[in-house]
Amino acid sequence: MVRRPTLFFDFLNPEAPPQTVNIRDDNNAPLRFRDIMRQWPVKKVLTARDINYSQVVMPRDQVEDFILPKLLLDEQNAINRGEQFPITVRDLDSMTEHPLCLWENGSSYVLTSGWSASFVRRRALQVGEEVGFSWDERLRMLRFTVLSRPPIPRQE
């Protein structure tokens, strides 16, 4: 049997062409949801600061391009005034939701108020891992996934 790719349409942007996605890998195994949703406009390789402190520093330009414009005007204004904006972050790997705060901290944007407990310790995140974030306009929350983990060195 010939498998045809699946088409995904962006109903919030009717001008966008449909995205073609194969929902099975080369071994004919189904792909996980996070692998299908490859659009992670905000990506971050975790640093020691992200792991050891109670906040993750997010790339300023990516937050300003892909998250802030999707927030309501009063939410944007609160962040611009330096207020901590309460935000729900859905971990797509575990399908759990966590309340955090997004705020502007000088020259960067950070997620705080629960980052360490909800993500670093619970998910055993390590320096060098790449994570992704994207704004879900329908649910009005931030989506999160671990995009890659460095290989574990083998001990001989």
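## Overall make-up

How many helices and how many strands does the secondary structure of the chain come to? In this predicted model, the chain comes to 5 helices and 9 strands, and, when they are read along the sequence, they follow the pattern β-β-α-β-α-β-α-α-β-β-β-α-β-β.

Of the 156 residues of the chain, 37% count as buried, while the chain as a whole exposes about 9,900 Å², with carbon and sulfur atoms supplying 51% of that area. When contacts with a separation of 6 or more are considered, 51% of them are accounted for by residues 24 or more positions apart.

## The sheet

In general, the strands of a sheet pair through backbone hydrogen bonds, and they may do so in a parallel or an antiparallel sense. Here 7 strands form an open sheet with mixed pairing, and their order is 3-8-9-5-6-7-4. The edges of this sheet are strand 3 (42–45) and strand 4 (56–58), each of which pairs on one side only, and the twist from one strand to the next averages 35°.

Within the sheet, strand 5 and strand 6 pair in the antiparallel sense over 7 bridges, and in this pairing Asp91 stands opposite Thr96 in strand 6. Helix 4 (residues 73–80) packs on the sheet, where it touches strand 5, strand 6 and strand 7 (108–112), and its direction makes about 55° with that of strand 6. Helix 5 lies across strand 4, strand 5, strand 6, strand 7, strand 8 (130–136) and strand 9 (141–148), and it runs at about 120° to strand 6.

In soluble globular proteins, nonpolar side chains tend to be buried together. In this model the largest nonpolar core holds 27 residues, of which Met58, Ile87, Leu111, Trp115, Phe133 and Phe144 touch the most other members. At least two residues of this core are supplied by each of strand 4, strand 5, strand 6, strand 7, helix 5, strand 8 and strand 9.

Which residues does Trp115 touch, if those up to four places away in sequence are not counted? The contacts of Trp115 are Leu46, Asp50, Tyr53, Ser54, Gln55, Val56, Leu100, Val120, Leu125, Phe133 and Phe144. Two of these partners, Phe133 and Phe144, are named with Trp115 among the core residues that touch the most other members.

## Salt bridges

A search of the whole structure finds 11 salt bridges.

Arg123 takes part in a salt bridge with Asp91, in which the closest N and O atoms are 2.7 Å apart. Because Arg123 lies in helix 5 (residues 115–123) and Asp91 in strand 5 (residues 85–91), this pair ties together parts that are 32 residues apart in sequence. Are Arg123 and Asp91 buried or exposed? Arg123 counts as buried because its relative accessible area of 16% is under 20%, and Asp91, at 0% relative accessibility, counts as buried too.

The side chain of Arg123 also meets that of Asp93 in a salt bridge, at 3.2 Å from N to O. Since Asp93 is in the loop between strand 5 and strand 6 (96–105), while Arg123 is in helix 5, the pair ties together parts that are 30 residues apart in sequence. Asp93 is partly exposed, with a relative accessible area of 26%. A network of salt bridges links Asp91, Asp93, Arg122 and Arg123.

Most residues other than glycine have a negative phi.

The place of Ala124 is in the loop between helix 5 and strand 8, and Ala124 is partly exposed, its relative accessible area being 42%.

How values were computed. Residues numbered from 1 in each chain as written. Predicted model: local features only at pLDDT ≥ 70, side-chain atom pairs only at ≥ 80, totals over all residues. Heavy atoms only, no water. Helix = DSSP H or I, 4+ residues; strand = E, 2+ residues; numbered from the N terminus. Buried < 20%, exposed > 50% of the residue type's maximum accessible area, 1.4 Å probe, protein only. Contact = heavy atoms within 4.5 Å. Areas by Shrake-Rupley, 256 points an atom, 1.4 Å probe, with all protein chains shown as cover. Salt bridge = Lys/Arg side-chain N within 4 Å of Asp/Glu carboxyl O. Pairing = 2+ DSSP bridges. Axes fitted to C-alpha atoms, helices over the stretch in contact; angles between N-to-C directions. Core = buried A, V, L, I, M, F, W, Y, C linked by side-chain atoms within 4.5 Å.
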